[in-house]
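Keep the coordinates open as you read.

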Amino acid sequence: MNRALSAASGAAALPRAMQQLQSLAGMIGQTPLLHLTVGFRGQTYTLCAKAESYNLTGSIKDRMAWRILRDAVLEGRLLPGATIVEATSGNTGIAFAALGRALGHPVRILMPDWMSEERKALIRLYGAEVELVSAAEGGFLGSIARARQMAEGRDDVFLPSQFDNWANVQAHEDGTGPEILEQLARNGLTPSAFIAGVGTGGTVMGVGRALRKRFPGLPVHPLEPAESPTLSTGCKRGKHRIQGISDEFIPAICRLDELSPVVAVHDGDAIRMAQRISRQWGLGVGLSSGANLLGALKVAERQGPDSLVVTVFCDDSKKYLSTDFARTLPAEPGHCCDEVELLDWRPLPAAGAGLHAALN
Ligand code: PMP
């Protein structure tokens, strides 16, 4: 692309892109914080979970996609008409496809071919191109390498680079984290820890930083699948079924030296937990949400019944209908899902209480 031409049209188009981003912001964030009462091994615990399926495309990744695009538009790095190219295991692709198309950009998503069919179909339905990368072609790391090659020396290709881009962390440090703090404070609650499964690490790093500004020294735990302990061993290991977390390497933005010890959860346990949350509570959460609930309980068990561990329900179940989520799975050694009693949940009253106010 001719840089002078695109820069000139960029100057004219900037206010429009910013206006569109402002409108999209009205559909992202300000999600409900759920108050959960859960029995585990003879004790009752209170947990809180941010219900992130309430974002525009149904996952927590809308927050970071919006922030990365906003920063790039403001700094003149995303030129009008440029193709957005990203390697992703799914929710990020859906978020960039939707937001990118809403802003009028072509979007190309590279992803490992073993990701759920719903993810691939959704990304295509949002008008993006999907390029699948097999395990033999390098899987996730191969997808990232290909994305980088496509952008080399070109200003008509924009690489969000979610694994290296600090705007990913900032989306949660300035958004998710402060929202959690405000929702807890409004309801007279104090967090005792935060835990989140690590994909890019944006959530655990950003929310962790925001919560620690208010509560210095707060334990902030990254979570990973026990079958694929990449964070705790430093390199890719094994295979697991919790799509969205543990993508074969430790991302650059995930600074383990800032975080508390890694918590591991079995993938089958996480899936069975997500199934029970859906069946018993009517909350159709995704697989990593099942993992996060189990991880939060492990931390709560260590901290005691007065703890208040906070976590995130990153997305909902609709993207997992073709996976083991829709099958009956057996209990396996090391699973603790059957020791969990799902007692009660309610959304915490939010600012301008909406329906709550109407019903009271
Ligand atoms: N759960 C799901 C379903 C996800 O899609 C992701 C993002 N890949 C995560 C958890 C992890 O979020 P983060 O990238 O912020 O670590």
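Helix α6 covers residues 166–186 of this predicted model. Its 21 residues reach 29 Å from first C-alpha to last. That is close to the 30 Å expected at 1.5 Å a residue.

**Helix α6**
- At the start of α6, N165 points a side-chain oxygen at the backbone of A167. That oxygen comes to within 3.0 Å of the A167 backbone nitrogen.
- Just after α6 comes G188, with a positive phi of about 65 degrees.

**The sheet**
- Seven strands make up an open sheet with mixed pairing.
- Their order is β9-β8-β7-β10-β2-β1-β11.
- The edge strands are β9 (263–265) and β11 (340–347). Each has a single partner strand, so one side of each lacks a neighbour in the sheet.
- From one strand to the next, the twist averages 30 degrees.

**The β8–β9 pair**
- Strand β8 spans residues 220–225 and pairs with β9 in the parallel sense.
- Three bridges join β8 and β9.
- P225 stands opposite V265, a residue of β9.

**Helix α9 on the sheet**
- Helix α9, residues 267–281, packs on the sheet.
- Its contacts are with β1 (33–40), β9, β10 (308–313) and β11.
- The direction of α9 makes about 55 degrees with that of β11.

Key:
Residues are numbered from 1 along each chain as its sequence is written. This is a predicted model: local features need pLDDT of at least 70, side-chain atom pairs count only at pLDDT 80 or more; totals for chains, interfaces and linings use all residues. Side-chain values use heavy atoms; hydrogens and water are left out. Helices (H or I, at least four residues) and strands (E, at least two) are DSSP runs, numbered from the N terminus. The expected span of a helix is 1.5 Å times one less than its number of residues. A polar contact is a pair of N or O atoms within 3.5 Å; within protein, one must be able to donate a hydrogen and the other to accept it, and residues adjacent in sequence count only if both atoms are side-chain atoms. Two strands pair if DSSP finds at least two bridges between them. Axes are lines fitted to C-alpha atoms, for helices over the stretch in contact, and angles run from 0 to 180 degrees between N-to-C directions. Contact means heavy atoms within 4.5 Å.
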